[in-house]
Every structure is written in C-alpha cells, then in structure tokens.
Amino acid sequence: MPFCSMAFVQAVVLVLVLASAPPVAQAWSKEGHMLTCQIAQDLLEPAAAHAVKNLLPEDVDGDLSALCVWPDQVRHWYKYRWSSPLHFIDTPDKACSFVYSRDCHGPDGAKDMCVAGAIANFTSQLMHYKHGSADRRYNLTEALLFLSHFMGDVHQVWDREIILTAIDKLYGKNMDMFRKQLEHNFTKGTWSDDVSSWADCEDLGSCPTKYATESIGLACKWAYDGVHEGETLSDDYFDSRLPIVSRRIAQGGVRLAMFLNRIFGAHNHDVAPPT
Ligand SMILES: *[C@@H]1O[C@H](CO)[C@@H](O)[C@H](O)[C@H]1NC(C)=O
Ligand SMILES: *[C@@H]1O[C@H](CO)[C@@H](O)[C@H](O)[C@H]1NC(C)=O
Ligand SMILES: *[C@@H]1O[C@H](CO)[C@@H](O)[C@H](O)[C@H]1NC(C)=O
C-alpha cells in the first residue's frame with residue numbers, strides 16, 4: 001500500500017474489528033466534532049465568544065457546534081473539492097511519525113494540503129478579522145468552521161464506533177452528560193493537572209504538527225494492538241480505547257479554545273508557516 005493515513009489506519013481498524021461493517025473513513029463523526037466544539041465554546045473569553053457569534057450565521061443562534069460538521073458535508077461538492085485532502089494526513093507506511101515537509105501535501109503533491117496545513121491556513125485567515133482587514137478572497141465564516149472542524153480531525157485516532165458506543169451505553173444516549181464528564185475531568189478530575197500543558201503552544205502555525213504527531217503515535221501504538229481479524233468490538237477493546245478517545249476529544253476542545261482566544265484576543269500576532 002502506498003501510504004498509511006490516519007483515515008486509512010482507521011478504516012483498516014474498522015474492517016478488522018467490525019468485519020461486517022462497511023469501511024468508513026469518515027472520521028470523528030458528527031458527535032466527536034460537536035463535543036470538541038461545545039467544549040471549546042464553553043472556554044471562550046469574551047472577545048472570542050463575541051467574534052464567533054458574529055461570524056456564525058444567524059440561524060444557529062450562536063452555537064458553533066451546530067456547524068462543526070459542515071466541512072464533512074461539503075467536502076465532495078464541486079465548489080469545495082479543494083478541501084477534501086485537508087481532512088487527513090498521509091504518512092508513509094509504518095513510519096509512525098509525521099514530518100511536515102514529507103507528509104503534508106495533497107494527492108497531486110500540492111504543498112500544505114493536509115490537516116496540519118489547513119489549521120495554519122484558516123488560523124492565519126482569521127487573524128485578519130480583528131484588524132477589520134479581512135481579505136475579501138476569504139470567507140471568514142467558512143474559515144471559522146474549517147478551523148473548528150480540522151482541530152477535531154487532527155485529534156482523531158479512531159472511528160466513531162467508540163464514541164457512539166460510549167454515548168449509547170454509558171451516558172444513556174445523552175451527549176450532554178458525556179460532555180459534562182469530559183469537562184469535569186479536565187477542570188477538577190483526572191486531567192486537571194495536564195490541561196495547562198495541552199494548551200501550551202508557542203506558535204500557532206506549528207502546534208498542529210505536534211497534535212498530528214500525537215495522533216499518529218497513538219494510532220500506531222494502539223491500532224493493531226490486541227486486534228485480530230474477524231473479532232467484534234470486544235469489551236476489552238472498548239474499555240482500553242475509550243479513555244484515549246475521550247482525552248483526544250477534550251484536548252481538541254481545549255486547544256480550539258486556545259486558538260480562538262488567541263486569534264480574536266488582545267495579543268494576536270501573525271502565524272509563522274509550519275515546519
Ligand atoms: C486555504 O484556504 C483556501 C480557501 O480559503 C483554499 O483555497 C486553500 O486551498 C487552503 N489551503 C490550505 C493549505 O488549507
Ligand atoms: C460565507 O460562507 C457562508 C457559508 O458557506 C455563506 O452562507 C455566506 O453567504 C458566505 N458569505 C459571503 C460574503 O460570501
Ligand atoms: C473521567 O475520569 C474518571 C476517573 O478517571 C473516569 O472513570 C471516567 O471515565 C472519565 N470520563 C470521561 C468522559 O473521560
């Protein structure tokens with residue numbers, strides 16, 4: 001196989017684990033994206049909260065999570081076909097690493113066309129919002145939705161099955177309960193000591209590279225571990241993966257908030273290109 005992308009690893013895992021299910025490479029799913037965006041929106045400071053509300057179309061009533069999946073809905077439309085390669089990263093088979101210059105390109109080799117490049121792209125577009133100098137080539141509403149969505153994607157390790165099973169079985173189909181638990185765990189619970197390090201980021205342009213590297217490391221470490229062909233989603237598999245998936249959702253939310261607070265806050269500065 002020519003490459004091994006996150007989406008691809010994920011599809012393989014699905015095929016191995018759920019032999020009867022179709023190989024879905026559709027990523028974090030609606031639920032994962034909504035959780036990440038809700039967590040982020042709850043952490044916004046007033047300036048960012050105001051800018052986000054201002055950029056969102058009126059009909060969603062200020063709720064970012066309502067449109068966080070929009071990039072998945074339009075990725076195959078003719079007008080947005082360019083955005084399709086931005087949902088994932090191709091890394092060489094068995095590399096278990098992400099090297100921006102080697103791996104961040106589209107299928108035709110176009111530079112920066114991967115999820116890490118996309119986050120930097122839409123971050124730097126949004127930086128112009130505050131100065132009222134928005135480049136008319138760019139639609140900042142769309143930039144906000146793309147940034148919010150790709151921050152979810154870059155934290156994605158597996159398919160939606162784990163998230164859906166958790167919401168279904170552990171939280172009585174109540175996504176709000178899941179979100180509150182996640183928020184509790186990074187404010188007062190098990191992750192409260194780690195949360196400030198999650199948001200450590202010297203330069204918004206290159207931090208997405210770090211997040212992608214983490215995801216690829218986790219996918220490599222856990223993807224094939226203990227999984228045998230034809231097995232169904234076992235309790236062991238679910239129990240061992242859920243804490244990782246949960247932490248990635250929370251990290252995505254905390255980091256999206258950090259990005260938006262810095263983009264729309266008092267001290268924004270331009271984004272250096274990723275390396
Ligand atoms: C950046 O966004 C523009 C649309 O606003 C798009 O045409 C371009 O392909 C994007 N590039 C990357 C690397 O995301
Ligand atoms: C920006 O994008 C949104 C979502 O696609 C669209 O509804 C809106 O009309 C666009 N705004 C402009 C000025 O083109
Ligand atoms: C929150 O932390 C507790 C204690 O470690 C854990 O049992 C629970 O599964 C965590 N919940 C979520 C949603 O991460």
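Visitor: With which residues is Leu147 in contact, neighbours within four places in sequence aside?

Guide: Leu147 is in contact with Ile119, Phe122, Thr123, Leu126 and Phe259. Two residues are in contact if their C-beta atoms, placed from the backbone, lie within 7 Å. This is a predicted model, in which local features need pLDDT of at least 70 and side-chain atom pairs count only at pLDDT 80 or more, while totals for chains, interfaces and linings use all residues. Residues are numbered from 1 along each chain as its sequence is written, and chains are lettered from A and ligands numbered from 1 in the order in which they are written.

Visitor: Why is Ala120 called buried?

Guide: A residue is buried if 20 or more other C-beta atoms lie within 10 Å of its own, exposed if 12 or fewer, and partly exposed in between, with C-beta atoms placed from the backbone. Ala120 has 25 other C-beta atoms within 10 Å, and is therefore buried. Ala120 lies in helix 6, where a helix is a DSSP run of H or I with at least four residues and a strand a run of E with at least two, numbered from the N terminus. The C-alpha atoms of Ala120 and Pro208 are separated by 7.5 Å, although these residues are 88 apart along the chain.

Visitor: What makes up the largest nonpolar core, and which residues have the most contacts inside it?

Guide: A nonpolar core is a set of buried Ala, Val, Leu, Ile, Met, Phe, Trp, Tyr and Cys residues joined through C-beta atoms within 7 Å. The largest one has 65 residues, and those with the most contacts inside it are Cys114, Val115, Ala116, Ile119, Leu147, Phe150 and Leu260. Helix 12 gives the most to this core, with 11 residues.

Visitor: How do you know that the buried residues of helix 3 are on the same side?

Guide: The buried residues of helix 3 are Ala48, Ala51 and Val52. They cover an arc of only 100° around the axis, so they are on the same side of helix 3; the arc is that of the directions from the helix axis to the C-beta atoms. Helix 2, helix 7 and helix 12 are among what covers them.

Visitor: Which residues of helix 8 are buried, and what do they pack against?

Guide: In helix 8 (residues 161-170), Glu161, Ile162, Ile163, Ala166 and Ile167 are buried. They pack against helix 2, helix 9 and helix 12. Just after helix 8, Gly172 takes a positive phi of about 50°.

Visitor: Which elements have the lowest and the highest mean pLDDT?

Guide: pLDDT is the predictor's confidence in each residue, from 0 to 100. Helix 1 has the lowest mean (38) and helix 7 the highest (97). The mean pLDDT of the protein chain is 84.
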